[in-house]
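Visitor: I'd like to learn how to read a structure like this one. Could you walk me through it, feature by feature?

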Amino acid sequence: MTTIAFIGLGNMGCPMALNLLKAGHTVRVFDLLASALETTAEKGAIVCNSAAEACQNVNTVITMLPAGKHVKSLYLGSNGQAGLIDTLDKKTLVIDCSTIDAETANEVHSHCETLGVDMLDAPVSGGVAAAQSGGLTFMCGGSEQAFTRAEEVLKDMGINIFHAGTNGSGQVAKMCNNMLLAIHMIGTSEALKLGEKNGLDASTLSQIMLASSGKNWSLERYNPYPNVMANSPASNDYEPGFMVDLMAKDLGLAIDNAQTTQSQTPLGKMALELYKSKQKSGDGKKDFSSIIELFS
Ligand code: NAD
C-alpha cells in the first residue's frame with residue numbers, strides 16, 4: 001500500500017479516490033471546492049488545504065481535473081506562482097487522468113523529465129459508473145518505468161490498463177476513442193429515428209441491429225432511444241452519464257489535433273457541429289445520448 005495525493009474530487013475523481021481508500025492506500029485529497037472533499041473525508045481521506053500540502057511525503061500524485069488549462073497551471077504554475085512539479089520529490093510518480101490535449105500533456109511530461117520525475121498521462125474511459133465500480137479503462141502514455149510503477153495503483157481503480165505508447169499517447173488514444181463514440185452514437189440515433197418514421201418499434205429494431213452488422217457499443221450498452229434499455233440515460237430524461245459539454249470538449253480536442261496533424265476527419269467534424277448545436281439549445285448538461293433529440 002502506498003501514500004497518494006489525489007487532486008480534483010469531482011464526478012470522476014471522488015469515486016476513484018474512494019476505491020483507492022477501499023484498497024487500503026493512504027489518500028491525501030485536495031479540491032478547490034471544499035464540498036467536493038466531504039465524501040472522501042468521511043471514508044478516511046486526509047483533507048489538505050492546498051495541492052502542495054496534499055503532495056507532501058507521498059509516493060504518487062493523481063490529478064483528475066476538467067481541462068488542459070487546469071492541469072497546466074496546477075503542475076507548471078501560472079501568474080508568477082510556482083507549479084506543483086517544482087515542489088515534488090524526485091521519487092514521486094505523477095499520473096494525470098484528466099482528458100486534455102496531447103500538447104499540454106507533453107509540456108508537463110517534458111518538465112517532469114527535466115526534473116527526473118516519472119509521469120504518465122492516463123485518461124480514462126467508462127464514465128462515472130465505471131469510476132464507482134472500479135471498472136475504468138486507463139490509456140497510458142509515458143515511459144515503461146512510469147507505466148510499471150503506475151499499474152500498482154491503477155489496478156485499484158480500473159480493470160483494463162493499456163500502455164498506449166510514449167508521452168501523450170494516452171491522450172491520443174482517448175481522443176480517437178471518443179471521436180468514434182460520438183460518431184456511432186449519432187449513427188445509432190439516426191438509424192433508430194429512421195426506423196421509427198417508417199413505423200418500426202425502437203426495441204424491435206434495436207434487437208435486429210444488435211444481431212446484425214449495425215451492432216455497436218451505443219446500441220448494445222447505451223441505447224439513446226427512451227425506454228428501450230431500463231438503465232440508460234435515455235430512460236431517465238437524459239440525466240448524465242457523460243455530458244454533451246464533455247463530448248463537445250473531447251471532439252474539439254480531436255478536431256484541433258486533426259488540423260495540426262493534417263488528418264482527414266469529416267465525420268468527426270460533423271459530430272462536433274452536431275454536439276455544438278445541442279449545446280446552443282441549452283442541453284450541455286444533458287447526457288450525450290440526447291443527441292437523438294436533434295433528429296425528428
Ligand atoms: P468535474 O468538473 O466533476 O470535476 C473536476 C474537479 O476538479 C472539480 O471538483 C473542481 O473543483 C476540481 N478542480 C479544478 N481545478 C482544480 C485545481 N486547480 N485544484 C484542485 N481542484 C481543482 O469533472 P469530472 O466529470 O470529474 O471530469 C474530470 C476529467 O475526467 C475531465 O477531464 C473529463 O473530461 C474526464 N472524464 C469525465 C468522464 C465523465 O463521465 N464525467 C468520463 C471520462 C473522462
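Visitor: Let's start with a pocket. How do the residues of the lining of the second largest pocket divide into nonpolar, polar and charged?

Guide: Before that, some ground rules. This is a predicted model, where local features need pLDDT of at least 70 and side-chain atom pairs count only at pLDDT 80 or more, while totals for chains, interfaces and linings use all residues. Numbering runs from 1 along each chain as its sequence is written, and side-chain values use heavy atoms, with hydrogens and water left out.

Guide: Now the general idea: rolling a probe the size of a water molecule over the atoms shows where empty space is left. A pocket is an open set of points on a 1 Å grid over the protein atoms alone, with protein on both sides within 12 Å along at least five of seven lines; a cavity is a set of points where a 1.4 Å probe fits but cannot get out; and lining residues have an atom within 4 Å of a point. Here the lining splits into 3 nonpolar, 4 polar and 4 charged residues. For that tally, Ala, Val, Leu, Ile, Met, Phe, Trp, Tyr, Cys and Pro are nonpolar, Asp, Glu, Lys and Arg are charged, and the others, Gly among them, are polar.

Visitor: Which residues line the second largest pocket, and what is its volume?

Guide: The lining is Met1, Thr2, His25, Asn59, Thr60, Leu93, Arg149, Glu152, Val153, Lys155 and Asp156. The volume is about 180 Å³, counted as the space filled by probe spheres set on grid points that are joined across faces, edges and corners. Helix α7 provides the largest share of this lining, 3 residues. Helices (H or I, at least four residues) and strands (E, at least two) are DSSP runs, numbered from the N terminus.

Visitor: And how many cavities of 30 Å³ or more does the structure hold?

Guide: There is 1. The largest cavity has about 30 Å³ of space, and Thr99, Ile100, Asp101, Ala102, Gln171, Lys174, Met175 and Leu253 line it. Helix α8 (residues 169–197) gives the most to that lining, with 3 residues.

Visitor: On to packing. Which residues touch the most other members of the largest nonpolar core?

Guide: In soluble globular proteins, nonpolar side chains tend to be buried together. A nonpolar core is a set of buried Ala, Val, Leu, Ile, Met, Phe, Trp, Tyr and Cys residues joined through side-chain atoms within 4.5 Å. Buried means under 20% relative accessible area, exposed over 50%, and partly exposed in between (1.4 Å probe, protein chains only). In this model the largest core has 32 residues, and Phe6, Met16, Ile62, Cys97, Phe138 and Met157 touch the most other members. Several elements supply at least two residues each, including β1 (3–7), α1 (13–22) and β8 (136–142), while α7 gives the most, with 5 residues. A second, separate core of 22 residues includes Ile7, Ala54, Val71 and Val94.

Visitor: What is Met157 in contact with, leaving aside neighbours within four places in sequence?

Guide: Contact means heavy atoms within 4.5 Å. By that rule Met157 meets Phe6, Met16, Leu20, Ile62, Ala130, Gly134, Gly135, Leu136 and Phe138.

Visitor: How many disulfides does the count come to?

Guide: A disulfide is a covalent bond between the sulfur atoms of two cysteines. The test is a pair of cysteine sulfur atoms within 2.5 Å, and the count here is 0. Take Cys48: its closest cysteine sulfur, in Cys55, is 8.5 Å away, too far for a bond. Cys48 is buried at 3% relative accessibility, and Cys55 is buried at 8%.

Visitor: Last one, the backbone. Which residues does a cis peptide bond join?

Guide: Most residues other than glycine have a negative phi, and most peptide bonds are trans. Here a cis bond joins Pro240 and Gly241, with omega about 10°. Gly241 sits in the loop between α10 (217–221) and α11 (244–260). Asn227 is in the loop between α10 and α11, and has a positive phi, near 65°. Asn79 also has a positive phi, near 50°, and is exposed, with a relative accessible area of 80%.
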